[in-house]
Amino acid sequence: MAQSNITAAAAGAVKASHVRYLILFMLFIVTTVNYADRATLSIAGSAMKTELSLDPVTMGYIFSAFSWAYVLAQLPGGWLLDRFGSKKIYMWSIALWSVFTILQAGVTWMGTAAAVMSLFLLRFMVGLAESPSFPANGRIVAAWFPTNERGTASAIFNSAQYFAAVLFTPLMAWIVHAFSWHHVFTVMGIFGLALAGIWSKIIYSPKDHPMINKAELAHIEQGGGLVDMDNRKVAAASTKGKGYIKQLLSNRMLLGVYIGQYCINVITYFFLTWFPVYLVQERGMSILKAGFVASIPAVCGFIGGVVGGIISDRLIKRGFSVTWARKIPIVGGMLLSMTMILCNYVEAQWMVVGIMALAFFGKGVGALGWAVVADTAPKQIVGLSGGLFNMFGNVAGITTPIVIGYILKETGSFAGALVFVGVNALVTVISYLVIVKEIKRVELKDA
C-alpha cells in the first residue's frame, strides 16, 4: 500500500494524459453503429413488409431473430472476452456483424418464403456476432475508469443507442425513400467494416496503451479501475466460469439487477423494432417523416442518458453511497418512462412526439445498468458477469417484438403495446427498490 501511494504521488507530479476519453469515444462510436445495425430492419420494415407481404406476427419473429442468438451467445462471448481480451474479440465482432448486415440486402431477389428464412438466419447471425459487444463495453469501462467516473462513462456509451437513432434513422429512412430498402443494409455494413480496422489501431488495455502516461494510469488504478484485467492470471480464472456462474445466479442483488435490465430493455426493443412502424401505421406518417420524427425522442433519450450518468457520479462525489447514487436516477427515470402510456389518450402528432420524447428522456436517465455491472462484477470474470447480465436483459429482444406482434394481430392497435411497455418500466422500479439491496462488488469463493 505504501509503495502504491508513492507511485501515485510520483505520477501526480506529471500532468495526467486523458487517453481514457479517447477509449470512451471509440466505445461510443462503435456502439452507435452497433445499434444502427440492429435498427436497420425497423427502418426497412414497412417497405419490406409490403413488398414481401409479411403479417405482423411474421415481422415480430424476424425482429426477434437477432435477440435469440444475442441471448444464447452472451455467456460464450463473455468467456471469450475474459480469455482472450477485449481488443481482439471486439474487433472480430464488429467485422462479422457488418458482413452479415451486408448479406441481408440480398433477400430482395428472393421469394417470400426464402426471404423470410434468410432474413431470420442473417439476423440471427448478426446477433451472434454482436454478442460480445456490451460485455466488452462494460469490461473496458471497468478497466479504464475509476469508480466515480464510471456512471458517466457507462451512460455515454449506453446513450449511443439514442445517438444511433438521431444520426442514422433519418439517413436510413432517406435511403429507403430515395433508393430501396435493401441499400440500407449495404451502406451500414460497409461502414462497420471500416470501423473494425480503426478499432484495431486505437484500443489497448490501460497498461499496454502507447499513449497513456503513468499519472493517468495511477489515477485510474487508485480510483478502483481494474487495470490488470487482461493479464494472464486474470484471464486464466475464466476457465472456472461454470462454478462462478452459479454464485452469480444465487446472489439476490444481481438477480434484482437482471430483472431490472430485462424490463428496461423492453423499452429499448420497442424503440428499435416497432416504434417506426407505430408512427407509420398508427399515426399516419410517411416513412420519411417517421424516420425524422423518431430521431426527436432519440435526442431526448441521449440527453437523458448523459444526465443520468452525471447525476449518479455527482451523488457519489457528494458522499452518497454507490447504492443510492445508482438507484435514484434509475427509479426516477423509469417512472418518467411510464408517461408513454398517455399517447393512447391524445390524437395530435406533436403531442405524441412530445410524450415519447419525455418517456425516452426518462429511459435514458434510468439506463445505468452497465454502471452497476462495473460496480458489482467480480474482478476475475468481468466479461462473463457482463455477459450474464446482458443475456437476461436481452431476453426482452426476443419477447418484446413477438408480444407486440400478437397484440397488434388481436387488437389492431398499439394501445395495448404501450401499456405493456409502460408496465415493464414500473417493474424495474419495484425490482431496484425491493429486490436489490446494497450495490457492491461481488466477492467470489473458489469454484
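Modeller: Ile202 touches Leu22, Ile23, Met26 and His209, leaving out residues up to four places away in sequence. Contact here means heavy atoms within 4.5 Å. Ile202 lies in helix α10, which covers residues 182–202.

A word on the source. This is a predicted model, with residues numbered from 1 along each chain as its sequence is written. Local features need pLDDT of at least 70 and side-chain atom pairs count only at pLDDT 80 or more, while totals for chains, interfaces and linings use all residues, and side-chain values use heavy atoms, without hydrogens or water.

Now the whole protein. It has 22 helices and zero strands. Both are DSSP runs numbered from the N terminus: helices are H or I with at least four residues, strands are E with at least two. Of the 447 residues, 59% are buried. Buried means under 20% relative accessible area (1.4 Å probe, protein chains only).

Next, the core. The largest nonpolar core has 131 residues. Such a core is a set of buried Ala, Val, Leu, Ile, Met, Phe, Trp, Tyr and Cys residues joined through side-chain atoms within 4.5 Å. Phe270 and Met356 have the most contacts inside this core. Helix α14 supplies its largest share, 16 residues. Phe270 touches Met356 itself, and its other partners beyond four places in sequence include Phe360, Ile404, Phe414 and Thr400.

Follow that last partner. Thr400 lies in helix α21 (residues 396–411). Thr400 counts as buried because its relative accessibility is 0%. Besides Phe270, Thr400 touches Val266, Tyr269 and Phe420, again leaving out residues up to four places away.

Ser312, in helix α16 (residues 295–317), makes another stop. Ser312 is at 0% relative accessible area, so it is buried too. Beyond its neighbours within four places, Ser312 is in contact with Ala325, Arg326, Pro329 and Leu368.

Helix α19 is mostly covered: eight of its eight residues are buried. They include Gly369, Trp370 and Asp375. These buried residues pack against α7 (133–144), α8 (147–158), α14, α17 (322–337), α20 and α22 (415–435).

A cavity is a set of points on a 1 Å grid where a 1.4 Å probe fits but cannot get out, and lining residues have an atom within 4 Å of a point. The largest cavity has a volume of about 100 Å³. It is lined by 17 residues, and Tyr35, Asn158, Gln261, Asn265 and Trp370 are the closest to its centre. Helices α2 (19–52), α14 (252–281), α19 (369–376) and α20 (382–394) each give two or more residues to this lining. The most, four residues, come from α14. By class, the lining holds eight nonpolar, seven polar and two charged residues. Nonpolar means Ala, Val, Leu, Ile, Met, Phe, Trp, Tyr, Cys and Pro; charged means Asp, Glu, Lys and Arg; the others, Gly among them, are polar.

Notes. On a 1 Å grid over the protein atoms alone, a cavity is a set of points where a 1.4 Å probe fits but cannot get out, and a pocket is an open set with protein on both sides within 12 Å along at least five of seven lines; lining residues have an atom within 4 Å of a point. Grid points are joined across faces, edges and corners, and a volume is the space filled by probe spheres set on the points. Buried means under 20% relative accessible area, exposed over 50%, partly exposed in between (1.4 Å probe, protein chains only).
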